Amino acid sequence: MASMGSLAFDEYGRPFIIIKDQENKQRLTGIEAQKSHILAAKAVASTLKTSLGPNGLDKMMVSPDGDVTVTNDGATILGKMDVQHQIAKLMVELSKSQDDEIGDGTTGVVVLAGALLEHAEQLLDRGIHPIRIADGYDLASRIAIQKLDQIAEDFKFSKDNLDPLIETAMTTLSSKIVNRCQRKMAQIAVDAIIAVADLERKDVDFELIKVEGKVGGQLEETMLVRGVIVDKDFSHPQMPKVIKDARLAILTCPFEPPKPKTTHKLDVKSVEDYRKLREYEKTKFTEMVKQVKATGANLAICQWGFDDEANHLLLQHELPAVRWVGGPEIELIAIATGGRIVPRFQELTTDKLGKAGVVRELSFGTTRDKMLVIEECKNARAVTIFIRGGNKMIIEETKRSLHDALCVIRNLVKDHRIVYGGGAAEIACSLAVSQEADKVSTIEQYAMRSFADALESIPMALAENSGMHPIRTLSDVKSRQLKEGNPRLGIDCLNKGTSDMKEQHVVETLIGKKQQVNLATQLVRMILKIDDVRS
């Protein structure tokens, strides 16, 4: 309190605060504060609006270090934007929440929130209280969720019939940079999820899927490896490049002669002393190598490094080794091969070894880059998606695209229900909310109609980004949905000659769509309730 100002009392004993540096403070109250918030949110939403849908445009972000990112992923765009306004930061967090929970629909949720606030501004101008608008939006969102549950269809697939999942993944990838080989990418994403999924429990262990990239080659060379890829090579160039029936000793302890744990000083006063020390180290290291070989291991995976002399001794004793393997990779190798991580050298036993059918070294083009592939593992559920691309930027965007596809397939494994995309679900919800608004006698009916109009911003943005006339296209689809009672009719973004999204196989997960509506409504309610800002 003292840092902000001081407490004083007037002649009637009523307290008031005298704020320090009053001339440097800014304060917005009432309608001005709400309009400021709405303006900031609209600015963020309009940035993302042109990135929505299969024909959405990409954005280029250049960091202060000069790193360039080209993407149309909503969460990535907002994450890399330098946002100052507090309400705009809330929009960034909204997109991140959608990405964390669902993994897809990050652009749509921000566009929807921006449209809801834009329509709320018109209601505020007409003198409607923000709380009544928030209550109307809340009521409308519940009606929209009910409608989504009604129009949702059960999505049937099995391990023998994965085509429905592949088509869903292709819908997600259609707006990404990888869309020229979207069928292959969708197949890889589906195979990866099915490999790690427990379909009976409807559970997917994302930890078992690793995504690696290497610059060079083409996107078409991207592949799924049923095992682990490590961005390392064998410690000595003369070690074998392929090891069959591998037994892995996974060590997180230093592979070197033991040293006292306490601070110590060693004086070497003669050549003889030095030779004895060197001989001691050599003998100890040789014993360690023999101890590893005695357990039956024919490959050592080390988290720490060892010097060139030790490397030479390993080669002499025919024990291939890999050094400087990172912590997460060590854990994944242990899970995949069924081995145990050994923190102390004395604890290494035969039953703690990992098992793999083949460990081989990959070389790339004319470069000296090499990677290790551990295949035919004991735990066949661990997989790695290995991405190739012309430059780092393409590989990073492909990683983001595949992450979205993996999340969508994971959501379908957890909840089989789907709704149809292309704005079809939003138009159906908009019509349902409009019909219910006519039955409401209170002032909330205005907010409900605004909510219905805001839902239409998604199909309008899809039409606009596809080069169509947005209002004419939306009016046509909306009237057809009303006349035919078909909630599958949406915007034909790809000009396939039909507006039926079922025929185009454009589907979205029900939980993703419900999350979009819920998150956008909650954020808008919160923003509308703020009427005083001090900065």
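Is the crossing of α1 and α3 left-handed or right-handed? In this predicted model, in which local features need pLDDT of at least 70, side-chain atom pairs count only at pLDDT 80 or more and totals for chains, interfaces and linings use all residues, the crossing of these two helices is right-handed, that is, the near helix is turned clockwise from the far one by less than a right angle. Residues are numbered from 1 along each chain as its sequence is written, and side-chain values use heavy atoms, with hydrogens and water left out.

The axes of helix α1 (residues 30–49) and helix α3 (residues 86–101) come within 8 Å and cross at roughly 45°, helices being DSSP runs of H or I with at least four residues, numbered from the N terminus. With angles under 35 degrees taken as roughly parallel, over 145 as roughly antiparallel, 65 to 115 as roughly perpendicular and the rest as oblique, α1 and α3 are therefore oblique to each other. On the α1 side, His37, Ala40, Ala41 and Val44 meet Ile87, Ala88 and Met91 of α3, contact meaning heavy atoms within 4.5 Å. By class, this contact of α1 with α3 comprises six nonpolar residues, one polar residue and no charged residues.

When residues up to four places away in sequence are not counted, isoleucine 333 touches Val228, Val230, Leu248, Ile250, Ile301, Val325 and Ile374.

Leucine 251, placed in strand β12 (residues 242–251), counts as buried because its relative accessibility is 0%, the limit for buried being under 20% relative accessible area with a 1.4 Å probe and protein chains only. Between the C-alpha atoms of leucine 251 and methionine 448, which are 197 residues apart along the chain, the separation is 62 Å.

In helix α14 (residues 457–465), seven of the nine residues are buried, so this helix is largely enclosed by the rest of the structure. The buried residues are Ser457, Ile458, Pro459, Ala461, Leu462, Ala463 and Asn465, and what covers them includes α1, α4 (106–125), α12 (424–437), α13 (444–455) and α15 (470–484). Glycine 467, which follows α14, has a positive phi near 80°.

How values were computed. Axes are lines fitted to C-alpha atoms, for helices over the stretch in contact, and angles run from 0 to 180 degrees between N-to-C directions. Ala, Val, Leu, Ile, Met, Phe, Trp, Tyr, Cys and Pro count as nonpolar, Asp, Glu, Lys and Arg as charged, and the others, Gly among them, as polar. Buried means under 20% relative accessible area, exposed over 50%, partly exposed in between (1.4 Å probe, protein chains only).
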